[in-house]
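Please prepare a briefing on the structure shown below.

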Amino acid sequence: MEQFFQLTPDIVCIADHKGNLKKVNPAFSNILGYSMEELLSKPVSNFIYSEDKIKTAQFRDNLRGKNPVLNFENRYLTKDGNIIWLSWTSISEPKSQLIYAIAKNITQVKKLEEERNLLLIDLAKLNADLKKFTYTTSHDLRAPVNNLLSLFSLLDLSKIEDEQTLEYIELLNTSTIQMKNTLDKYVDAVSQEKKINIQVESLSLEDTFFMVLNSINNLIQKSKTTFNVDFSEAPAVEFSSFYLQSILLNLISNSIKYCAPNISPSIIIRSVKVKNGIQLLFSDNGIGFDMEKVKGSIFGLHQSFHNNSDSKGIGLYLVQSHMESLGGKISVSSEVNVGTTFKLFFKD
């Protein structure tokens, strides 16, 4: 038993009910930096950090019965002035009025907890700042969009004879209305004080796809993008309509934005049934990227891998965020000058 007392790396000690140490093992001396004689010649309170002395005295008073105290944490001052954290498991023997205790040095754990808490505070502040920025941006953009709609309402279309011009005006008006609706949704979402309850419903992939295509019809025609779409195996998913539109919009826009020079964008989208859900496969023939170089940063905020002035590194970040917020997953594979494939998993 004496050899165990001497060799254990944890602190082992015996003290009386008044707080005087009667026996300590070498680990106590090594951790605090005091000699065995110094530890035994003074009350244990002399080594306790000042802010923890009162609660430690209360802890010792509670030990005078036979009930053990588990995982009691307090701070000690080492001989060189450093603060260490100890976690105690102690039990009292009333007849002899002695306390038997074992302690672990948890200083490193406490440092990690402090760093984590500081990080959480920073993240909370960043989240609040982002929420405020999103609200301000969405709110302020609504004014010029409403102005555009007012201008469209003032146009006398009967005086315009050119059919192509009339078609363009109608496309502009439709796109502006869709932009206003999107901005309204953003403002409503970020203005919620509490966590947003995203409405999940059964969505037709085909209907959502054509809704997105209609919103960027001019971009698709101008880029001569072609689509090969097959939703026959899994025609619907349980998801948020707002999120699904955003996902398809960002993926299609990116495929057009990063198309290969002198090659019209070609996009293949199909849905398949998989275990516990549905997988949506989205492939293009764009310039792609080097998977070795981008590693796991492809979905990171403000990550851009091509010299495109219109690239802000937000689209794929939103796609992943939308998927994961509702329990989905997304993965990517790509090859330079061949194309990119995204696999999106929607759970049942």
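**Briefing: sheet, helix and selected residues**

Ile 11 stands opposite Ala 103 in β5. These two residues belong to a pairing of β1 and β5 that is antiparallel and spans six bridges. Strands count as paired if DSSP finds at least two bridges between them, and the elements themselves are DSSP runs numbered from the N terminus, with helices (H or I) of at least four residues and strands (E) of at least two.

The model is predicted, so local features need pLDDT of at least 70 and side-chain atom pairs count only at pLDDT 80 or more, while totals for chains, interfaces and linings use all residues. Residues are numbered from 1 along each chain as its sequence is written, and side-chain values use heavy atoms, with hydrogens and water left out.

**The five-stranded sheet**

- The order β2-β1-β5-β4-β3 describes an open sheet of five strands with antiparallel pairing.
- Because β2 (21-24) and β3 (69-77) stand at the edges with a single partner strand each, one side of each has no neighbour in the sheet.
- On average, neighbouring strands of this sheet are turned by 30° against each other, direction ignored; axes are lines fitted to C-alpha atoms, for helices over the stretch in contact, and angles run from 0 to 180 degrees between N-to-C directions.

**Pairing around β4**

- β3 and β4 (residues 83-93) run antiparallel and are joined by seven bridges.
- Within β4, Trp 88 is the bridge partner of Phe 72.
- Eight bridges connect β4 and β5 in the antiparallel sense, and Ser 92 has Ile 99 in β5 as its bridge partner.
- β4 and β5 form a hairpin with four residues between them, and Gln 97 in the turn has a positive phi of about 55°.

**Helix across the sheet**

- Helix α4 (residues 53-62) lies across β1 (11-16), β3, β4 and β5 (98-105), and runs at about 145° to β3.

**Lys 343**

- Lys 343 is found in strand β12 (residues 339-347).
- With a relative accessible area of 41%, Lys 343 is partly exposed; buried means under 20%, exposed over 50% and partly exposed in between (1.4 Å probe, protein chains only).
- The C-alpha atoms of Lys 343 and Phe 282 are 6.5 Å apart, although 61 residues separate the two in sequence.
- Beyond its neighbours within four places in sequence, Lys 343 is in contact (heavy atoms within 4.5 Å) with residues including Gln 279, Leu 281, Lys 329 and Ser 331.

**Cysteines**

- Zero disulfides (pairs of cysteine sulfur atoms within 2.5 Å) are found in a search of the whole structure.
- Cys 13 is buried at 5% relative accessible area, whereas Cys 259 is partly exposed at 28%.
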